[in-house]
Number of protein chains: 4
Amino acid sequence: MTVNIGLIGLGMIGRDHLQRFQTVIQNARVSAVCDINRNVTDAIAREYGAQPYYDAVEMIQSDDVDAIFICSIGPVHKEQILAAIKAGKPVFCEKPLTPTANEAKAIIDAEVAYGKRMLQLGFMRRFDPGYNQLKATLDSGELGEILLIHCAHRNASVPESYTLEMAINDSATHEIDIIRYLLNENIVSVRVDKPQKKTRRACAHLQDPLIVIFETESGVRIDDELFVNCDYGYDIRCEVIGENAISALTEQALTTVRSAQGYSRAIPKTCMERFATAYDREVQNFVDRVNLGAEMSGPSSWDGFVVAMVCDAGLASLKDGEKHAVSLPECPALYR
Amino acid sequence: MTVNIGLIGLGMIGRDHLQRFQTVIQNARVSAVCDINRNVTDAIAREYGAQPYYDAVEMIQSDDVDAIFICSIGPVHKEQILAAIKAGKPVFCEKPLTPTANEAKAIIDAEVAYGKRMLQLGFMRRFDPGYNQLKATLDSGELGEILLIHCAHRNASVPESYTLEMAINDSATHEIDIIRYLLNENIVSVRVDKPQKKTRRACAHLQDPLIVIFETESGVRIDDELFVNCDYGYDIRCEVIGENAISALTEQALTTVRSAQGYSRAIPKTCMERFATAYDREVQNFVDRVNLGAEMSGPSSWDGFVVAMVCDAGLASLKDGEKHAVSLPECPALYR
Amino acid sequence: MTVNIGLIGLGMIGRDHLQRFQTVIQNARVSAVCDINRNVTDAIAREYGAQPYYDAVEMIQSDDVDAIFICSIGPVHKEQILAAIKAGKPVFCEKPLTPTANEAKAIIDAEVAYGKRMLQLGFMRRFDPGYNQLKATLDSGELGEILLIHCAHRNASVPESYTLEMAINDSATHEIDIIRYLLNENIVSVRVDKPQKKTRRACAHLQDPLIVIFETESGVRIDDELFVNCDYGYDIRCEVIGENAISALTEQALTTVRSAQGYSRAIPKTCMERFATAYDREVQNFVDRVNLGAEMSGPSSWDGFVVAMVCDAGLASLKDGEKHAVSLPECPALYR
Amino acid sequence: MTVNIGLIGLGMIGRDHLQRFQTVIQNARVSAVCDINRNVTDAIAREYGAQPYYDAVEMIQSDDVDAIFICSIGPVHKEQILAAIKAGKPVFCEKPLTPTANEAKAIIDAEVAYGKRMLQLGFMRRFDPGYNQLKATLDSGELGEILLIHCAHRNASVPESYTLEMAINDSATHEIDIIRYLLNENIVSVRVDKPQKKTRRACAHLQDPLIVIFETESGVRIDDELFVNCDYGYDIRCEVIGENAISALTEQALTTVRSAQGYSRAIPKTCMERFATAYDREVQNFVDRVNLGAEMSGPSSWDGFVVAMVCDAGLASLKDGEKHAVSLPECPALYR
């Protein structure tokens, strides 16, 4: 069966997924596209043989689409997701779920009322083979009780539009989600450390690098170096320290070169390059679940809500430098 | 569109591909299965909801199938492939194409007469991301003129049924094909070196390890260590020595562990584990080409014929230890 | 010329150095040994053909010795060092210089009054080829301005006598000194983070692991994971993050092994194993300077005093968890 | 005690050792220097405060020197070594022992007649910590029975004076010696493979790279890639394949760099850089043995003779491409 996908938002990430549906994803086609920019929408609709829409809710309700793929900006996510749930159509939503925890709560309430997981959130790292292997090692018990995790999240550079808050809301969100995935427990506090020195490659309004320190329910301490103008590449690192052993992600290079420059391995330049397999697998997972008529799997609305709560604490700490607690309501049975 | 696949041969590799069609491959289903063992065929047909056949040619000709997937033993490949070409149905054939170069020649003649590439041969390494990156580095010119290649092909162990000749016909075939892929040129000579020492883990009828030395048209010298009872894992290595630089496959581990046993990375235990991505990609490539109504791509009948010719020289050298030339007829235009 | 060494303190580290003088160090001999334990002293004096002393000051003043080598416990260092300076004899002192910064100050005053550097302190890492190469990379400017340093200091295990304070006074001292060596600047603040979880391998009175965070004058932020019961080995890591590039210590393994356990490299089990070359080179450096009649080089009394000041701030933070400033007097000209 | 060294030959390697005696080696001084070039000799003698000699035998016999250090060209080694033995003075001789096996035999006869090992040959790799660790792993039995060894010997470039024969006599000699060291057995055959392609970086008179294949008494097969214009650095590799496991030398880098060029480790540029520690340790070993009044240890005259015999077979194979046997006389008791 071929799933008819309605894709909302034709910016960079939307077009990247559109390309993915064309070349990699099986059993699905983008049958309708929607963007408030009519010219862009018409051009892309023509190119891909999809139905053009300029109003997301209208498209969500139409018979042209079986499932919704949201790549629009955060502030409109809530309305679009609620419309999809109301229409009984499964929805994939790029992160963040919503800009605020409050809005995320409304989505959870609607999904719980609907009685079934309808949404997969775009935390693609959960589909990365490296993180999957790391989790398998943790789950095997080989490392013993986990004590510490050291993370680094490095981008070659960010555009001028990247704000200080995005270090939390855009970059750290990935570690926030993956820590919960690795450890099967929640984060209970956040503290943001602003080193006095910042790279001269960063815009004046940024503090770069930052160090964020998380604690989990059981007391695991995680430090996360966020360095978004590191210049040399896109480099994601994760080292898990256990009582018995330590496991870490490798550079995952496929080949080496020995040359006059030394013995070297390539480092990815972009997120798209580093997590190419993860992106493909998360989207295929969504399509496969739709095709099975099953509940959605992978990162959920609840995960999006929890990440938003942790981000709120992080943003508060970004202002005052203090440790802020994260206090979560009880997790609804639907997400357990 | 969903391609209806007729799968011939329900041994280990056939069942592995059957599983792959069930779980990974998109836009295709195994609609018919065929094996001379009627009980096995009936059981699997029932389990997978496929039509059972006990005669391959009958299945090939039936309307149940759009494309043929051959996992039977080598001696019956020729008849099955010729029937598929005659029926105008695309065919994927597990290596070897045929046990002898003569039989392979008959297939080429039939395909040339048909006027279109109808077959993809199962040399999955051409779809391995590591080899793909190695080839990209070669093609980029970064290494300069290529002088030497060092290969190693190590299996943890082989069953008692593995014969001395299979070191050439089964194991070395992979390097024979991949060298041609990497260098875009043919092998012109083969010499098999039998080291005096063999591992006591090998059966009495084997000589293990073996060293095979190839030369290409332009004079590149390749040595290939075949060690099929190395005990420690399935380990494939390839180092390409150029005038300017050297590039090699890595171990491709995704994570590391620091423990009382040291600082370690896992080594795959089996071919299926090491080349999982390559297997998935080669089969998906076949299905995609069928769906496009395009000519087949990837390793061709001609590649299978050439490998068979190189193997013949290798088997001759296995007997006398001398260097044997490989003399190829002109490559038909269809395969250039 | 052969330097006559008077060695004080015949415990584990004293005996290790004694062995080093016997087997590795050139142009020096241990001509006298001193310990308050008379039986031990007599036995070792006999074995090594050295003059036995039971009173350190008496030995320092005797004509039997040209230079003093202090391996006694910290509380007696001050008296012994002052006696050596008074006698005009160069002195090597194992770290710490003194248990308190006040005592260290007295040594500095005496050395300044003497008008010449008379002491080399036992921070052996400054003689480690890995740290030397890291410093050369920093000094070359290749990394650009330095922003962050991540350190880890892991011991397989510590004896029951190891106290919570020793994590600062014994373990972190090495990073405190080496950071100053790498960056050519002082540490201005210390904060000790106590993760909520501790390894069950640690004694009840310990908090293990600990994270210590330093800031330098220019604002470089350093985090140091102290994990002294990590079980798997003695593992020292240092990663320096610059504006342009990042450099880090490797595992420095000389060989690899591929076995059924995977692809592995050995990790040293002890400090003595990891820093064998550094120990040899620091002692030879001391002997060479004595032989040249030159001022002492390498880590100085001032370095010892500064480390003691940073440790005091660290111990205060260990109690209250707050960030404590380090406020240093002006560095005397002798040490600049 | 300080050994008075008489150094013969003030070319590049002689001056390098002179520098080593000045800065690293303990318990020895170069008290006399000798070269047929009087100007060079006088200048160096003045600079280092050594006695100048223009005739090697005269210097060997003088009371100025306790031990002889030969860095002259091969053809004069025999006369100088025999004079040293006659004078009862220990001698260190840079490789090769002599240009021909016949001359080497004369030295062995003289040393056997003298009744004591008087010579250490300059195969410095036996003092390299990496090879030492590799040998320890072999000797531990961890690898099981050894089956194959893969070696590579790569120089960035060689001067125009480097001849085709020197690939055997100068480069391969190191592997010839180290294989015997690692395996404790002799080489019984040699075959030189000349790949058809050579690097355009090599002079017209060279064949570069070459592959040399050795077999040992027990049947271990060794291949050695000699590539002396590889351009990228000085790179020595050795991988030992055993029945149970495989061990190999690492790149032995002390630090890594992550930069826009990727994740890299330095590769040494010269032999002196790669084997700095080995050179220091071999010379110190010689001095220590002299000081002990002990027989010489490390590579012996017999090792030099055996290497010369293997080289003779290698040179014969370089001409005809055939496998040549090495047939050794019985090893005198002195060297067993």
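In chain B of this predicted model, the axes of helix α6 (residues 129-139) and helix α7 (residues 166-183) come within 9 Å and cross at roughly 35°. Two packed helices are described by the angle between their axes and the distance between the axes. Here the axes are lines fitted to C-alpha atoms, for helices over the stretch in contact, with angles running from 0 to 180 degrees between N-to-C directions. Helices are DSSP runs of H or I with at least four residues, and strands are runs of E with at least two, numbered from the N terminus.

Which residues of α6(B) and α7(B) meet? From α6(B) come B:Tyr131, B:Asn132, B:Leu134, B:Lys135 and B:Leu138, and from α7(B) come B:Ile178, B:Tyr181, B:Leu182 and B:Leu183, where contact means heavy atoms within 4.5 Å. By class, this contact has seven nonpolar, one polar and one charged residues. In this scheme Ala, Val, Leu, Ile, Met, Phe, Trp, Tyr, Cys and Pro are nonpolar, Asp, Glu, Lys and Arg are charged, and the others, Gly among them, are polar.

A word on conventions. Residues are numbered from 1 along each chain as its sequence is written, and chains are lettered from A and ligands numbered from 1 in the order in which they are written. Local features need pLDDT of at least 70, side-chain atom pairs count only at pLDDT 80 or more, totals for chains, interfaces and linings use all residues, and side-chain values use heavy atoms, with hydrogens and water left out.

I turn to chains B and C.

The contact takes 14 residues from chain B and 14 from chain C. About 1,400 Å² is buried between them, 53% of it from carbon and sulfur atoms; buried area is the accessible area (1.4 Å probe) that two parts lose on being put together, summed over both. In chain B, B:Tyr232, B:Arg258 and B:Tyr263 lose the most area to chain C, together 44% of what that side buries.

Between chains B and C there are four salt bridges, each a side-chain nitrogen of Lys or Arg within 4 Å of a carboxyl oxygen of Asp or Glu. One of them joins C:Arg258 and B:Glu251 at 2.8 Å, N to O. On the chain B side, β14(B) gives the most, with four residues.

Finally, chains C and A. Here 36 residues of chain C are in contact with 36 residues of chain A, and the area buried is about 3,100 Å², with 46% from carbon and sulfur atoms. How many salt bridges lie between chain C and chain A? The count is 13, including C:Arg200 with A:Glu243, whose closest N and O atoms are 2.8 Å apart. The largest share of the side of chain C that touches chain A, five residues, comes from β7(C).
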